[in-house]
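Here are some notes to read alongside the structure. Have it open and follow the points in order.

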Amino acid sequence: MPKDTFRIRPVDRADLGEVIDIDAEATGLRKVDYWYELFARYGGARGRQQRFFLVAEQGPRIVGFIIGEVRDWEFGSPPCGWVFGISVRRQDRQSGVASRMLDAICEDFRRAGVDKVRTLLARDDHLVMSFFRSQAMMAAPFIALERDLLDRTP
Amino acid sequence: MRLQKNTLIALSSILEAAAEPGRQVVAADVAQKYGVSVHHLAKVLRQLGRAGLLESARGVGGGYRFVGNARRVTLLDVIEIFEDISARPAEGAERETVTDEGRGIARVLAEIDQTAKAVFGSITIATMLGIVERERRARP
């Protein structure tokens, strides 16, 4: 797919069916309620200041999406942009869609007044991690930790 | 985190060659730049050749070129040709892992190993060339 045949724009409610399809293609799960709830919080004009939900559109098709927000002072970290969802239809990968979406959301983050972008990934998700690495992202000075809540004896 | 000398030579050689696709890199120049003998470098290059990452050119200069896919080959792919960086048992490890303390320490070391593998496995040669270029630009 030539790079100039798609455009990046804010999501519309009418895009959600395709967004759900793209997510399901990558994760194997159709999370319909989740995406409508996410749209309510991140989609539309009211989300444009700190929350961003963008899609890549090629003709009548949605070929990818990206979601992020500005997060303030988490554990002392100055406000920064967070990307917490990105996906591209399998058949439309390797054509710059994800790079253009990341560029677009980074521009939104800059306009929101932040100068860092971060994300969090599964350690074994080599495909997406390689993508972010290719976009000059390096390890942040944080470590993700978790605990099994069923284990009541820390 | 430390890598063996041959692994570091291999990574440097790959980056030298991948920086200019199609161009023959002169082995003697690379050996001099990284302070290793041509003989030592040749052994490393042969291993990379057998792995399908480099193609050597016989004759004057003894050049080689990168023939892998720079957007697909990761640092981990290169490293694993030369060493296994996953949870290397230390001396006496069998004895240590029968104790709770030993198993606890092994669990922490495994966490470090998994993180190292994730980092090496997510950085392609093309991405690494970008990091090298940014270092070059940042140099005063």
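1. Start at the end of helix 2 of chain B: the helix is followed by Gly35(B), which has a positive phi, near 70 degrees. Keep in mind that this is a predicted model.

2. Now step back into the helix itself, residues 27–34 of chain B. Which of its residues are buried? They are Ala27(B), Val30(B) and Ala31(B). Looking down the axis of helix 2 of chain B, you'll find its buried residues within an arc of 100 degrees, so they line one face of the helix.

3. What do those buried residues pack against? In chain B, the partners are helix 1 (5–18), helix 3 (38–50), strand 1 (25–26) and strand 3 (63–66).

4. On confidence, chain B has an average pLDDT of 88, and 89% of its residues score at least 70. For the model, ipTM is 0.74 and pTM is 0.83.

5. Over to chain A, which has 4 helices and 5 strands. Reading from the N terminus, its elements go β-α-α-β-β-β-α-β-α. The radius of gyration of chain A is 16 Å, close to the 15 Å the globule rule gives for 154 residues, so the chain is as compact as a globular protein of that length.

6. Of its 154 residues, 27% count as buried. Among its contacts with a separation of 6 or more, 60% come from residues 24 or more positions apart.

How values were computed:
Residues are numbered from 1 along each chain as its sequence is written. Chains are lettered from A and ligands numbered from 1 in the order in which they are written. This is a predicted model: local features need pLDDT of at least 70, side-chain atom pairs count only at pLDDT 80 or more; totals for chains, interfaces and linings use all residues. A residue is buried if 20 or more other C-beta atoms lie within 10 Å of its own, exposed if 12 or fewer, and partly exposed in between; C-beta atoms are placed from the backbone. Helices (H or I, at least four residues) and strands (E, at least two) are DSSP runs, numbered from the N terminus. The arc is that of the directions from the helix axis to the C-beta atoms. Two residues are in contact if their C-beta atoms, placed from the backbone, lie within 7 Å. pLDDT is the predictor's confidence in each residue, from 0 to 100. The radius of gyration is taken over C-alpha atoms; the globule rule is 2.2 Å times the number of residues to the power 0.38.
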